[in-house]
Amino acid sequence: MGDSSSFVDGIKGFLENYTRFTKRDTPLPSWSSSDVEEFIASDPLHGPTLKTAREAATFGVTGAALGAVSTAAFAWKYSRSPHGTALSFLGGGVFGWTFGQEVANHTLQLYKLDTMAAQVKFMEWWERKSQ
């Protein structure tokens, strides 16, 4: 069996990184795509990583759309069951998103990048800029 303490440590690290942004007295204001592009241009270390992570999200969305529509169409063609088609749509969307993220992980080599650090640096930058 695997070491469960490393899993717990990973969860704690994740929560420590983001809790200071999510558990604020006053929430951070919303940011726009131009704000993200400004950060990407201003940070030569974390900017390209954040840009790559944003590109990876399009793989997930595309996969979700393709998975949802194709499995729902298949279910409707062979069963004509509305509830079965709806469940196939949801399941296909989840599967498609997951498959799209895996394609992005390998295509864009996300496994070589620290995307969490880039996201945290963006949040810190946005916190400073919005004050």
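What follows takes the pocket and then the aromatic pairs in turn.

The model is a predicted one, and its largest pocket has a volume of about 210 Å³. The lining of this pocket is made up of Tyr18, Trp31, Val36, Leu50, Ala53, Arg54, Ala57, Gln119, Phe122 and Met123. Two or more of these residues come from each of helix H3 (47-79) and helix H5 (115-130), and H3 gives the largest share, four residues.

Turning to the rings, the count comes to eight aromatic pairs. One of them joins tryptophan 31 and phenylalanine 122, whose rings are edge-to-face, at 5.2 Å centre to centre and with 80° between the planes. Because tryptophan 31 lies in the loop between helix H1 (4-22) and helix H2 (33-42), while phenylalanine 122 lies in helix H5, this pair ties together parts that are 91 residues apart in sequence. Tryptophan 31 counts as partly exposed, at 39% relative accessibility, whereas phenylalanine 122 is buried, at 4%.

Another pair is formed by phenylalanine 95 and phenylalanine 99, which is stacked because the ring centres are 6.0 Å apart and the planes lie at 15°, an angle under the 30 degrees that stacking requires. Both residues lie in helix H4 (residues 82-107), four residues apart, or about one turn of the helix. Phenylalanine 95 is exposed, at 58% relative accessibility, and phenylalanine 99 is exposed as well, with a relative accessible area of 52%.

Finally, Trp31 and Phe122 belong to an aromatic cluster that also includes Phe39, Trp125 and Trp126.

Note on methods: Residues numbered from 1 in each chain as written. Predicted model: local features only at pLDDT ≥ 70, side-chain atom pairs only at ≥ 80, totals over all residues. Heavy atoms only, no water. 1 Å grid on protein atoms, 1.4 Å probe; cavity = no way out; pocket = protein on both sides within 12 Å on 5 of 7 lines; lining within 4 Å. Points joined across faces, edges and corners; volume = space filled by probe spheres on them. Phe/Tyr/Trp six-rings, centres within 6.5 Å; stacked < 30°, edge-to-face > 60°. Buried < 20%, exposed > 50% of the residue type's maximum accessible area, 1.4 Å probe, protein only.
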